[in-house]
Amino acid sequence: MIVGLIIACEVAFWVLLAAGLAVRYLLKWRRTSVALLLCEPLLEVVLFVATAVDLRNGAEPSWEHGLAALYIGFTVGYGHYTIRWLDGHAAHRLAGAPRPPKPPRYGLARARHEGRLWLRTVLAAAVALVLLQAAVWYVGDGDGTGPLRSWQWAALRVVAIHGVIALTYLLWPKKPPTGPAARSTEGRTLTGR
């Protein structure tokens with residue numbers, strides 16, 4: 001049941017997002033668009049409540065409950081970022097706004113960008129860890145909480161792996177290309193071809 005609800009929440013996220021952006025840029029109904037986009041966090045509330053009710057009704061803690069916590073954490077960490085990114089692209093495609101800037105590709109600017117993404121991952125993992133620990137306390141810290149504990153370790157591993165990847169951009173920054181090939185690439189980027 002929980003996995004089906006996670007899938008339904010993910011589908012509903014994208015449907016609400018597409019509807020919100022379409023209403024904003026095609027119909028020019030800004031207030032309706034804001035109302036649709038503000039419904040996005042309600043999906044996580046529904047998933048949280050359903051998971052808590054499932055555990056309260058005596059369900060054995062399983063990998064599904066852990067996945068729900070990670071999904072909620074990911075949405076908290078990356079949901080607004082994703083919506084803002086897609087809003088910029090929708091504004092460009094549908095309303096004639098300037099093309100949103102791409103993330104930096106080289107040097108310290110790229111390392112800062114990767115560091116900010118890693119901080120989002122830390123936030124996502126922190127939310128998931130808190131939810132998982134609350135679930136452990138809620139059902140009692142017994143042998144049945146193993147799946148929840150394993151998801152806690154998974155969240156910590158994701159933070160560590162993403163941290164190492166982000167650190168590589170700082171320790172070994174990618175340098176911009178030089179020479180004639182770099183000039184032709186810059187020309188294409190500036191002219192939009």
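In which helix do Arg110 and Glu114 both lie, and how many residues apart? Both residues belong to helix α5, four residues apart, about one turn of the helix. Helices here (H or I, at least four residues) are DSSP runs, numbered from the N terminus. Arg110 forms a salt bridge with Glu114, and the closest N and O atoms are 2.8 Å apart. A salt bridge is defined as a side-chain nitrogen of Lys or Arg within 4 Å of a carboxyl oxygen of Asp or Glu. Glu114 is buried, with a relative accessible area of 8%. Buried means under 20% relative accessible area, exposed over 50%, and partly exposed in between (1.4 Å probe, protein chains only).

The model is predicted: local features need pLDDT of at least 70, side-chain atom pairs count only at pLDDT 80 or more, and totals for chains, interfaces and linings use all residues. Residues are numbered from 1 along each chain as its sequence is written, and side-chain values use heavy atoms, with hydrogens and water left out.

A search of the whole structure finds two salt bridges. Asp87 counts as buried at 19% relative accessibility. Arg24 also counts as buried, at 12%. Side chains of opposite charge can pair when their charged atoms come close.

The largest nonpolar core has 17 residues. Such a core is a set of buried Ala, Val, Leu, Ile, Met, Phe, Trp, Tyr and Cys residues joined through side-chain atoms within 4.5 Å. Ile6, Phe13, Leu17, Leu47 and Tyr71 have the most contacts inside the core. The elements giving two or more residues to this core are α1 (2–25), α3 (40–56) and α4 (63–95). Helix α1 gives the most, with eight residues. Apart from this core lies another, of eight residues, among them Ala69, Leu132, Trp151 and Ala154.

Leu47 is found in helix α3. Its relative accessible area is 0%, so Leu47 is buried. With neighbours within four places in sequence left aside, Leu47 is in contact (heavy atoms within 4.5 Å) with Leu5, Ile6, Cys9, Ala68, Tyr71 and Ile72.

Val53 is partly exposed, with a relative accessible area of 32%. Together with Leu42, Val45, Phe48 and Val49, Val53 forms a nonpolar surface patch with about 420 Å² of accessible area. Patches are made of residues with over 30% relative accessible area and no salt bridge; like charges are joined within 9 Å, nonpolar side chains (Val, Leu, Ile, Met, Phe, Trp, Tyr) within 5 Å. Accessible areas come from the Shrake-Rupley method with a 1.4 Å probe; for residues, only the protein chains shown count as cover.

Helix α6 (residues 146–171) has 26 residues, which at 1.5 Å a residue should span 38 Å; its end C-alpha atoms are 37 Å apart, in agreement. The expected span is 1.5 Å times one less than the number of residues. Buried residues of α6 include Leu148, Trp151, Ala155, Val159 and His162. Their cover includes α4 and α5 (107–139).

Lys28 lies in the loop between α1 and α2 (30–38). Lys28 has a positive phi of about 65° although it is not a glycine. At 56% relative accessibility, Lys28 counts as exposed.
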